[in-house]
Amino acid sequence: MSVFVSIQPQGIGEPSVYHAVVVIFLEFFAWGLLTTPMLTVLHQTFPQHTFLMNGLIHGVKGLLSFLSAPLIGALSDVWGRKSFLLLTVFFTCAPIPLMKISPWWYFAVISMSGVFAVTFSVIFAYVADITQEHERSTAYGLVSATFAASLVTSPAIGAYLSEAYSDTLVVILATAIALLDICFILVAVPESLPEKMRPASWGAPISWEQADPFASLRKVGQDSTVLLICITVFLSYLPEAGQYSSFFLYLRQVIGFSSETVAAFIAVVGILSILAQTVVLGILMRSIGNKNTILLGLGFQILQLAWYGFGSQPWMMWAAGAVAAMSSITFPAISAIVSRNADPDQQGVVQGMITGIRGLCNGLGPALYGFVFYLFHVELTDTDGSEKGAKGNMANPTDESAIIPGPPFLFGACSVLLSLLVALFIPEHTGPGMRPGSYKKHSNGAQSHSHSPQGSGAEGKEPLLEDSSLLNLGAA
């Protein structure tokens, strides 16, 4: 008897993908409201080298996420998803009220919140618990599309309330939505991990191998497929993370977008991303397969970043934004191929590992972009968003910056090109029949979590993705 449930809820109290969707929507809607106030507070707190300081703040947060995500994912495989959903959402949203109380504490807490700000790894493991393999890519696309949907209206709402009333009102509203998200998890979100796969109590012993944050990272080198996927994620998400941290500043500073235009840009790209990650992703996965969907998404990302790098007119940014929406299919496709080839009791580990790599990119990407902007003398010296003021804020412009308005984006395009070349070697496996052992292992319930001393040495050499070992056997 399968332990999975459908994407659709089966009854009262049954876990469903829509529980995960609501959690993600509320969390990032709250942060989306703060887009305009955050730019203002960032500039007021760090009037000099704003891009660089923004990169360093997000850099510390990302590095901490890189270290903690595999650990939190592994622990959620043992103790369940709900408690860790509550933990990650709470610490992700904890800095919000501090924005108006103390900006310095706000940025300090943002940096340190990276230890627990890894909601996506737990969410994707939650989804894997309750979906069949053939449903998983669609479910991951729905979750990723929800992230985009949360940003469709929230920046525009935040910008309007900030201008019509005050930044304080926006911060209060965002804090209230974050509290609503926490209450929703406490009251409405059921546990997704089957009871027989969890210990009898929170006092159950946890081995050092389970608690070691580097354990899953060491397994990367032991599994060729995991290694290729992790390199692909790193090289593709590194520029994406840098772009997220500085792009709104870049639109206002270099391109001359107003706050209202930035909000409209986010809304349009968000709507297109929703369509890409729901309708288009499902069609592509069925027609060209998982791996080719990843390659297509990476191709769109290269085009998008190159266009951002060479574009100097507003219409170019809008066109590149449409391409960026299509590139958003990459991560749910990667998450689907990882989840499909991992054991049911390893979903938290592998999703935590991928989220950990993304966390590392969230650390290095913003710092890299901030440093490159600094090298090319791009500084935020005006935040009124006026067309006249924003265009003239290039400090000591060089010939290079005149020819290439966005140098970091071109570095990003080269990185994604390398990612595309690595992704070509990722094996694609379809159908549950290729992993009969994993279902047998899962059917044993609690035995999958037992760690006998005799078997611990051999277990450490097992690949995280079962298909990798089958591939090696087939080659032999």
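This is a predicted model: local features need pLDDT of at least 70, side-chain atom pairs count only at pLDDT 80 or more; totals for chains, interfaces and linings use all residues.
Reader: At which residue of α8 does a kink lie?
Author: The bend at a residue is the angle between axes fitted to the seven residues ending there and the seven starting there. In α8 a kink of about 25 degrees comes shortly before the proline P155, at S154.

Reader: How many residues of helix α20 are buried?
Author: Helix α20 (residues 407–423) should span 24 Å, and its end C-alpha atoms are 25 Å apart, which agrees. Buried means under 20% relative accessible area, exposed over 50% and partly exposed in between (1.4 Å probe, protein chains only). The buried residues of α20 include F409, L410, V416 and L420. The helix is largely enclosed by the rest of the structure, because among its 17 residues the buried ones number 12.

Reader: Which residues is V416 in contact with, leaving aside its neighbours within four places in sequence?
Author: V416 lies in helix α20 and counts as buried, at 0% relative accessibility. With contact taken as heavy atoms within 4.5 Å, the partners of V416 are L235, S236, P239, L298, Q301, I302 and L305.

Reader: Which residues does Q301 touch, not counting those up to four places away in sequence?
Author: Q301 is found in helix α14 (residues 290–310) and is buried, at 4% relative accessibility. It touches S236, P239, E240, S327 and V416.

Reader: Which two side chains meet in a salt bridge?
Author: A salt bridge is a side-chain nitrogen of Lys or Arg within 4 Å of a carboxyl oxygen of Asp or Glu, and a search of the whole structure finds one. One partner lies in the loop between α3 (50–79) and α4 (82–93) and the other in helix α7 (residues 119–130), so the pair ties together parts that are 48 residues apart in sequence. R81 is buried at 0% relative accessible area, and D129 is buried at 5%. The N to O distance is 2.6 Å, and the pair is R81 and D129.

Reader: Which helix gives the most to the nonpolar patch?
Author: Patches are made of residues with over 30% relative accessible area and no salt bridge, joining like charges within 9 Å and nonpolar side chains (Val, Leu, Ile, Met, Phe, Trp, Tyr) within 5 Å. V268, I271, L272, L275, V279, I283 and W318 form such a nonpolar patch, with about 570 Å² of accessible area together. I283 is partly exposed, at 45%. With six residues, the main contributor is helix α13.

Reader: How many helices and how many strands does the protein have?
Author: Of its 476 residues, 56% count as buried. Residues 24 or more positions apart account for 86% of the contacts with a separation of 6 or more. The counts are 23 helices and zero strands.

Note on methods:
Residues are numbered from 1 along each chain as its sequence is written. Side-chain values use heavy atoms; hydrogens and water are left out. Accessible areas come from the Shrake-Rupley method with a 1.4 Å probe; for residues, only the protein chains shown count as cover. Helices (H or I, at least four residues) and strands (E, at least two) are DSSP runs, numbered from the N terminus. The expected span of a helix is 1.5 Å times one less than its number of residues.
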